[in-house]
Amino acid sequence: MLINLISNYFKKCIFTSIKILNMNSRLSKNSFLDKLPKHLRVFTIEQPYSEYTAKNQAVWRYVLRKSTKFLSKVAHKSYLKGLEKTGISVDTIPRMEGMNRILKEIGWHAVAVDGFIPPNAFMEFQAYNTLVIAADIRTAAHIEYTPAPDIIHEAAGHAPIIANPEYAEYLRRFGEIGSKAISSAKDYELFEAIRHLSIIKENPNTVEKDILEAEEIIELISANMGAPSEMARIRNLHWWTVEYGLIGEVNNPKIYGAGLLSSIGESEWCLGKEVEKITYTMAAADKAFDITKPQPQLYVTPNFAHLSFVLEEFADTMAVRNGGLKGIEKLINSKDLGTIELSTGIQISGNFTRVIDDENYQAIYFQTTGSTALAYKNKQLIGHGKEYHADGFGSPIGKLKGINIAIEDMSPTDLEAYGIYEGKQTILNFKRGITVTGEIITGKRNLQGKIIMISFKNCTVKYGEEILFQPEWGIYDMAVGENIVSAYAGIADPDNYGLMYEPPKEKTHKINYSNADKEIHKMYQQVREMRETKNIDISNLEQIFNTIKTSDKEWILALEIYELIYKTNESLNKSILSYFDNYKKGEFGNLITDGLGLLN
C-alpha cells in the first residue's frame with residue numbers, strides 16, 4: 001500500500017509533467033547553477049541518465065522497495081513523508097530535473113557530481129541549500145552497502161529527510177560552519193586515498209591486489225595524520241549525524257542518517273544489540289570512523305534541535321570564531337588558502353606562511369606568500385586584489401609599543417599626536433622590535449570610521465635587523481587591527497579572487513561491459529517493460545530464466561520474473577523457487593529471502 005502510494009505520487013508529479021520538464025529543465029538548471037559560486041560549479045556534471053542500464057534500474061528498485069518496507073517501521077517519521085515530498089519513485093532512478101522541480105518547493109536543489117568531492121566544497125554546497133548527488137549507482141555486488149557515494153545513498157538517503165524543515169536548517173547551517181573548517185595538509189591526501197579506494201571497489205573489473213594496496217595506503221596515511229584538524233573533527237560530527245545518526249531514545253532509537261537509510265544491510269544490523277548506542281554530544285567530534293566497515297557504535301540525538309545545539313557548541317571552538325595565534329597557525333599548517341579577519345573587519349586572504357608572536361602568545365605580525373587579496377565584509381577592497389598583491393602580503397598587528405590605545409581606536413587628535421596622518425614621515429614602533437618607517441600617503445576606513453589600512457611610500461618594515469619590506473618593492477599597505485578575531489579556510493570574496501577548486505584528478509571508472517553483460521541488460525529491460533505494460537510473455541520469461549538459472553549472480557532478475565508470474569504460472573513458479581532454494585545458503589541468500597518477502 002505504502003509503496004503504491006509513493007509510486008503513484010511520483011508518477012503524478014513527474015511522469016505527467018515530462019514534456020514540460022524536457023522543455024524547461026535545462027533552462028531552470030542553468031538558472032540555478034548561475035546562482036552558485038563559480039568555484040563550486042566545476043564539480044557539477046550532467047547526470048548520465050542514458051548510461052543507467054536496466055540492471056541498474058533493478059538494483060534501485062530492489063533497494064527502494066526493501067527499504068521502504070523496513071524503514072516504515074524504524075526510520076524517523078520524516079523519512080517516508082520526505083520520499084513523497086521529494087517525488088522519489090520506488091521503481092525508477094530519479095532524474096535530476098524531476099527532483100529539482102519538487103525540491104525547489106522546500107527551498108533546496110540538487111546537482112550531480114562525480115563521486116566524492118573535497119569536504120570544504122561538499123559542505124559549501126550544503127550552505128547554499130544544495131544537495132550533492134553522486135551520479136553513479138552501486139553495482140549488484142554491493143547492493144547492501146557501498147563505500148562509494150552513489151545515487152541511492154544521496155537521492156534516497158539524503159533527499160527525503162531534508163523535507164523536515166528543522167533538519168534542513170541544521171544541514172544548511174552545518175554547511176556554513178563546516179565549509180570554514182581548516183584542514184591539515186594530510187587531510188587532502190587522505191581524501192584522495194579514500195576516493196581512490198571507493199572508485200576501484202565499485203569497479204567489478206578491479207583485481208583484489210589493487211584493493212588491498214589501496215587499503216594499506218589509507219591505513220598508512222591514517223596512522224600518520226598527527227593531531228586531528230578542524231575539518232577532521234567536524235567531518236566526524238557530520239558522519240555521526242548526517243550519515244549515521246539515530247534519533248529518539250537511546251534504548252529505542254529511529255534512523256535518520258542517510259548512510260543507514262540507504263544501506264539495506266546496515267539499517268537492519270545497526271538497531272541490534274551488537275551496535276553500541278551513545279547519547280550524542282560534542283565528544284563525537286573525536287570519534288573517528290572507517291568508511292569501509294559497518295560502524296560498531298552509533299550516536300543518538302533526542303531530537304533535531306539538539307543537533308544544532310551541539311553544532312554551535314563545536315563552532316565556538318573553531319578558529320572562525322576565535323582567531324588569534326592558534327587560528328593563523330592552523331592556516332599555516334594547512335598549506336592551503338585561508339582568510340584572517342582583524343578587529344577592524346579587514347580581511348586578508350591567501351596562503352599564510354609565517355606568524356611572529358610576543359611573550360604573551362599573541363600574534364604581532366603575519367605574512368602570506370603568493371596571490372593575496374584584501375576585503376571588508378566579504379567584498380574585495382578596490383585595488384587590492386590578488387593581481388596587486390601577487391607576491392604576498394605582510395603586516396604588523398596590535399598596539400604601538402608603549403601606547404595603550406590601538407590605532408583603530410585613535411581619535412583625530414590622537415592620530416595627529418602620534419604622527420599618523422597623510423604626508424607625514426613617521427616611524428611606528430610595534431612590539432618585539434617590529435618597525436614601520438615611511439611616508440603616509442593614504443588610508444582606508446571602515447563603516448564605523450575606524451582606520452582599517454594605512455599606505456606608505458618609501459617604506460621600510462623591520463623585525464629587529466631583518467628586513468620584511470623595503471622601499472624598492474613599491475607602496476606598502478599596512479592592515480590595521482589590534483588582533484585576529486577570525487581565521488578560516490577559503491577566501492573572503494571568492495568570486496573576485498577567482499577562486500577555483502581543482503577537481504579530483506581521478507575520475508570514477510566507467511564500467512566496460514562485456515557482450516554477455518549487455519545481453520543480460522537486455523533481458524532486464526524486457527522484464528521491466530513487461531511489468532510496466534502488464535503485457536506478460538511467459539515464453540520469453542522462461543527463455544530468460546533458463547539463461548540465468550545456472551548462476552546466482554542474476555538473482556535480482558529471477559526475482560523480477562517471479563514477481564510477474566508467481567500467482568499465475570505454476571510451472572515457472574516452481575522452477576524459480578527451486579533456483580532460489582539452491583542459492584539461499586549462498587552469498588545472496590538473505591537478499592533473496594527478503595526479496596520474496598516483498599511479494600507478501
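1. Lys534 lies in the loop between α20 and α21. Helices here are DSSP runs of H or I with at least four residues, strands are E runs of at least two, and both are numbered from the N terminus. The model is predicted: local features need pLDDT of at least 70, side-chain atom pairs count only at pLDDT 80 or more, and totals for chains, interfaces and linings use all residues. Residues are numbered from 1 along each chain as its sequence is written, and side-chain values use heavy atoms, with hydrogens and water left out.

2. Check the backbone at Lys534. Its phi is positive, about 60°, although Lys534 is not a glycine. The residue comes just after α20. Lys534 is exposed, because its relative accessible area is 70% (exposed is over 50%, buried under 20%, partly exposed in between; 1.4 Å probe, protein chains only).

3. Asn378 also deserves a look. Its phi is near 65°, a positive value in a residue other than glycine. Asn378 is found in the loop between β10 (363-376) and β11 (379-380). At 39% relative accessibility, Asn378 counts as partly exposed. Most residues other than glycine have a negative phi.

4. Helix α20 covers residues 515-533. Its 19 residues should span 27 Å at 1.5 Å a residue, where the expected span is 1.5 Å times one less than the number of residues. The end C-alpha atoms are 27 Å apart, which agrees.

5. Which residues of α20 are buried? They are Ile520, His521, Met523, Tyr524, Val527, Arg528, Met530 and Arg531. In an α-helix, residues three or four places apart point the same way, because there are 3.6 residues a turn.

6. The cover over the buried residues of α20 includes α4 (54-74), α21 (538-548) and α22 (555-565). Contact means heavy atoms within 4.5 Å.
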